[in-house]
Amino acid sequence: RNIQLAILPKVFPPFPDIKEFDIYASMNAAKEVGGDFYDFFLIDKDRLGFVIGDVSGKGVPAAIFMAVSRTLIRATALKGITAGECMSYVNNLLCNESVSSMFVTVFYAILNIHTGEVEYSSAGHNPPYIMKTTGDIVEIEKTGGIVLGAMEDFEFNTGNFKLETGDSIF
């Protein structure tokens, strides 16, 4: 459990010199170890990538598959490609390496920290919500993706929305 938690970001605020956004996350595993994860990283000076995911199953196999999935998503995302292209590429890698029919659901997004524009792709994950400063809650439109690691050569779509000052994604 400690090894699993050690690879997830846990210092908040993670980018104290960047004032355009706030980001916070935590994970409480249902068991000792499992496949839930989150990550966020600067792609470049203008864009923040963030991801939330859940690997099928529990225990050590799910935790290992989680670590592999998180690493592949981050490494691929840092190439600067679209969210959909990232999910397609990682999906193919996981299909080629997957054992025991494991898969992972993922929501991956890229925030332009200056404009509030967000591009995203979903790989079978529950859709997040935008909490508007007005108090309205809006479900983010699904992009129609399947879980990662299930079917090779699936093309993932990329969606877009804009965050206004004070909006939150949950």
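**Salt bridges, helix packing and a surface patch**

In this predicted model, Asp-167 counts as buried, with a relative accessibility of 12%. Its side chain meets that of Lys-132 in a salt bridge, with N and O 2.9 Å apart, and the pair links distant parts of the chain, since Lys-132 lies in the loop between β5 (129-131) and β6 (137-139) and Asp-167 in the loop between β7 (159-162) and β8, 35 residues apart. Lys-132, at 27% relative accessibility, counts as partly exposed.

A search of the whole structure finds five salt bridges. One of them joins the side chains of Arg-70 and Asp-39 at 3.4 Å, N to O, and this pair also links distant parts of the chain, with Arg-70 in helix α2 and Asp-39 in strand β1 (residues 36-42), 31 residues apart. Both partners count as buried, Arg-70 at 12% relative accessibility and Asp-39 at 1%. Through shared partners, salt bridges join Asp-39, Arg-70 and Arg-74 into one network. In another salt bridge, the closest N and O atoms of Lys-45 and Asp-46 are 3.4 Å apart; here Lys-45 is exposed, with a relative accessible area of 68%, whereas Asp-46 is partly exposed at 24%.

Helix α2 (residues 59-77) and helix α3 (residues 83-97) have axes that come within 9 Å and cross at roughly 140°, so that α2 is oblique to α3. The crossing of these two helices is right-handed.

On the surface, Tyr-129, Met-131, Ile-137 and Phe-170 form a nonpolar patch, which together has about 440 Å² of accessible area. Phe-170, placed in the segment after β8 (168-169), is exposed, with a relative accessible area of 68%.

Terms used:
Residues are numbered from 1 along each chain as its sequence is written. This is a predicted model: local features need pLDDT of at least 70, side-chain atom pairs count only at pLDDT 80 or more; totals for chains, interfaces and linings use all residues. Side-chain values use heavy atoms; hydrogens and water are left out. Patches are made of residues with over 30% relative accessible area and no salt bridge: like charges are joined within 9 Å, nonpolar side chains (Val, Leu, Ile, Met, Phe, Trp, Tyr) within 5 Å. Accessible areas come from the Shrake-Rupley method with a 1.4 Å probe; for residues, only the protein chains shown count as cover. A salt bridge is a side-chain nitrogen of Lys or Arg within 4 Å of a carboxyl oxygen of Asp or Glu. Helices (H or I, at least four residues) and strands (E, at least two) are DSSP runs, numbered from the N terminus. Buried means under 20% relative accessible area, exposed over 50%, partly exposed in between (1.4 Å probe, protein chains only). Axes are lines fitted to C-alpha atoms, for helices over the stretch in contact, and angles run from 0 to 180 degrees between N-to-C directions. Angles under 35 degrees count as roughly parallel, over 145 as roughly antiparallel, 65 to 115 as roughly perpendicular and the rest as oblique. A crossing is left-handed if the near helix is turned anticlockwise from the far one by less than a right angle, and right-handed if clockwise.
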